[in-house]
Amino acid sequence: MSHNAGPYAIEVEHLTVSYGPSPALLDVTVRIEPGLLAGVIGPNGGGKSTFIKAVLGFVKPDLGRVRILGQPVEKTKGLVAYVPQRGAVDWDFPITVEQVAMMGRYGRIPWWKDPGRQDKDLVHQALAMVRMEDFRHRQIGQLSGGQQQRVFMARALAQGAEVLLLDEPFAGVDAATERAILDVLSRARAAGKTLVVVHHDLATAAEYFDRLILIKQRCYGYGPPEAVLQEELLSEVYEGKLRLFGAPAGGGA
Ligand SMILES: Nc1ncnc2c1ncn2[C@@H]1O[C@H](COP(=O)(O)OP(=O)(O)OP(=O)(O)O)[C@@H](O)[C@H]1O
Ligand SMILES: [Mg+2]
């Protein structure tokens, strides 16, 4: 049973990951089709970040396996990219927007060469896609949180990543910035990328994503939002800690 590209962007099978005695993820199986914007939801400590880390190969599973575009992660060579959160980066480092995006090319440029015409074109295309061209000479420390996210999206796109994983890109940004980041995610999807995004706001989950993955140690559901956002399922997973979403029945306040 061999496949070339494989039908799935991400294939996670029977994945179990432990840091200590009880597993953070237990027997998780999810297959994500290419070209989708998928949201990972679930309560705090449910294993959302662990899921992302396991897909990237940052944490080793006890059991199970991960395939990216039909290949083991070690063999994907830049096809998968992690877009870090703000807190993970030294923002005082004196580097411009353009230089950060060019970092996406370094794995592809031989060490004895400078970036060539093609590298520069790819960087400019990536900055255009995230609408950050006008900021290309700006130091990254002088950007808003949402702009920084977009620069890291550009780095991933310049790298040629087909699969992008983001852990809570909307955390701590205002509504306008959230819209701007969502717009970039949609544009990347329109370019055929597969995006997996940890998100904690159930109120917007159905609007933002094509698929939802509901995780609390186990995978409680994967599918279109309306199939996953079932009241019974959610109350089981969130154990009553759920703030109800949508308008209350009968049209209250
Ligand atoms: N490096 C680690 N060492 C030990 N335990 C960890 C580590 N990282 C996560 N855990 C534990 O694994 C479980 C899943 O954590 P994870 O960070 O994946 O959850 P999460 O769904 O991303 O939570 P949050 O919504 O708070 O970000 C939690 O019980 C957490 O305490
Ligand atoms: Mg997390």
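Guide: Helix 3 and helix 4 are oblique to each other, because their axes cross at roughly 140° and an angle counts as roughly antiparallel only when it is over 145 degrees. The two helices, which span residues 117-129 and residues 145-159, have axes that come within 8 Å, and the crossing in which helix 3 passes helix 4 is right-handed. On the side of helix 3, the residues that take part are Leu122, Val123, Ala126, Leu127 and Met129, and they meet Ala154, Leu157 and Ala158 of helix 4. Sorted by class, this contact is made up of eight nonpolar residues, with no polar and no charged ones.

Please keep in mind that the model is predicted, with an average pLDDT of 89 for the protein and a score of at least 70 for 91% of the residues.

For another place to look, turn to Phe209, which sits in the loop between helix 6 (202-208) and strand 8 (211-216). Phe209 counts as buried because 23 other C-beta atoms lie within 10 Å, where 20 or more are needed. Apart from neighbours within four places in sequence, Phe209 is in contact with Leu37, Ala38, Gly39 and Pro225; Leu37 is 172 residues away along the chain, yet the C-alpha atoms of Phe209 and Leu37 are separated by 5.4 Å.

Note on methods
Residues numbered from 1 in each chain as written. Chains lettered and ligands numbered in written order. Predicted model: local features only at pLDDT ≥ 70, side-chain atom pairs only at ≥ 80, totals over all residues. Helix = DSSP H or I, 4+ residues; strand = E, 2+ residues; numbered from the N terminus. Buried ≥ 20, exposed ≤ 12 C-beta atoms within 10 Å, placed from the backbone. Contact = placed C-beta atoms within 7 Å. Axes fitted to C-alpha atoms, helices over the stretch in contact; angles between N-to-C directions. Parallel < 35°, antiparallel > 145°, perpendicular 65-115°, else oblique. Left-handed = near helix turned anticlockwise from the far one by under 90°. Nonpolar A, V, L, I, M, F, W, Y, C, P; charged D, E, K, R; others polar. pLDDT = per-residue confidence, 0-100.
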